[in-house]
Amino acid sequence: ESAIRHLEAGTSLERDLNETVELGEDLCELAIALLRCGRRERAPVLAAEILALAETSAQRLAHPQLLFWAVAAVRRADGDDTGARELLLRARTALDNLEAAIPDSESRITFRRSRYNRAIDEAFDADHWQI
């Protein structure tokens with residue numbers, strides 16, 4: 001609950017400052033925190049906002065895969081398996097593209113092992129969704 005309050009305060013400030021890149025990533029964290037706490041009622045509204053940011057700010061995002069992953073997780077929690085798989089594919093594609101741009105193999109391995117990147121791979125490869 002403390003993390004949710006903190007993220008809500010942060011996203012409010014980011015909206016006021018028009019910090020879309022930071023807002024997108026923090027909205028992802030907020031949506032996932034709400035899902036983890038069983039507070040799903042706001043998650044679809046956040047997912048719509050996240051998806052809009054992903055579509056309009058994709059070139060500026062450091063972690064576009066995170067945005068698609070968070071929306072996929074919300075869709076899955078709402079029982080929309082088809083929508084979840086479509087967004088998971090977008091997350092995986094973004095992840096693959098980012099990895100391909102990393103020049104050395106050790107850094108690619110480290111990148112792929114980060115928490116959300118592993119979650120994307122596990123959901124995509126084994127249908128094991130860990131939020």
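## Salt bridges, burial and backbone in a predicted helical model

Aspartate 127 is found in the segment after α7, where helices and strands are DSSP runs (H or I of at least four residues for helices, E of at least two for strands) numbered from the N terminus. The structure is a predicted model, in which local features need pLDDT of at least 70 and side-chain atom pairs count only at pLDDT 80 or more, whereas totals for chains, interfaces and linings use all residues. Residues are numbered from 1 along each chain as its sequence is written, and side-chain values use heavy atoms, with hydrogens and water left out.

### Salt bridges

A search of the whole structure finds 12 salt bridges, a salt bridge being a side-chain nitrogen of Lys or Arg within 4 Å of a carboxyl oxygen of Asp or Glu.

| Pair | N to O distance | Separation in sequence |
|---|---|---|
| Arginine 42 and glutamate 8 | 2.4 Å | 34 residues |
| Aspartate 121 and arginine 92 | 3.5 Å | 29 residues |

Arginine 42 forms a salt bridge with glutamate 8. Arginine 42 lies in the loop between α2 (20–36) and α3 (43–57) while glutamate 8 lies in helix α1, so the pair ties together parts of the chain that are 34 residues apart in sequence. Arginine 42 is partly exposed at a relative accessible area of 32%, and glutamate 8 is likewise counted as partly exposed at 26%; here buried means under 20% relative accessible area, exposed means over 50%, and partly exposed lies in between (1.4 Å probe, protein chains only).

Aspartate 127 has a relative accessibility of 48% and counts as partly exposed, as does arginine 85 at 35%.

The side chains of aspartate 121 and arginine 92 meet in a salt bridge. Aspartate 121 lies in helix α7 and arginine 92 in helix α5, so this pair joins parts that are 29 residues apart in sequence. Both aspartate 121 and arginine 92 are buried, and the two also belong to a network of salt bridges that links Arg92, Asp96, Glu99, Arg112, Asp121 and Asp125.

### Backbone with positive phi

Most residues other than glycine have a negative phi. Aspartate 127, although it is not a glycine, has a positive phi of about 55°. Asparagine 18 also has a positive phi of about 55° without being a glycine; asparagine 18 is found in the loop between α1 and α2, and is exposed, with a relative accessible area of 61%.

### Residues packed between helices

Threonine 11 has its place in helix α1 (residues 2–17) and is buried, with a relative accessible area of 3%. Not counting residues up to four places away in sequence, threonine 11 touches Leu23, Asp26, Leu27 and Leu30, where contact means heavy atoms within 4.5 Å.

Threonine 20 is placed in helix α2 and counts as buried at 16% relative accessibility; leaving aside neighbours within four places in sequence, threonine 20 is in contact with Leu53, Ser57 and Arg60. Glutamate 25 is also found in helix α2, and, with neighbours within four places in sequence left aside, glutamate 25 is in contact with Ala62, His63, Leu66 and Leu67. Between glutamate 25 and arginine 39 there are 14 residues of sequence separation and a C-alpha to C-alpha distance of 19 Å.

Leucine 87 is found in helix α5 and is buried, with a relative accessible area of 4%. Apart from residues up to four places away in sequence, leucine 87 touches Leu51, Phe68, Val71, Ala72 and Arg75. Leucine 87 and arginine 36 are 51 residues apart in sequence and 19 Å apart in space, C-alpha to C-alpha.
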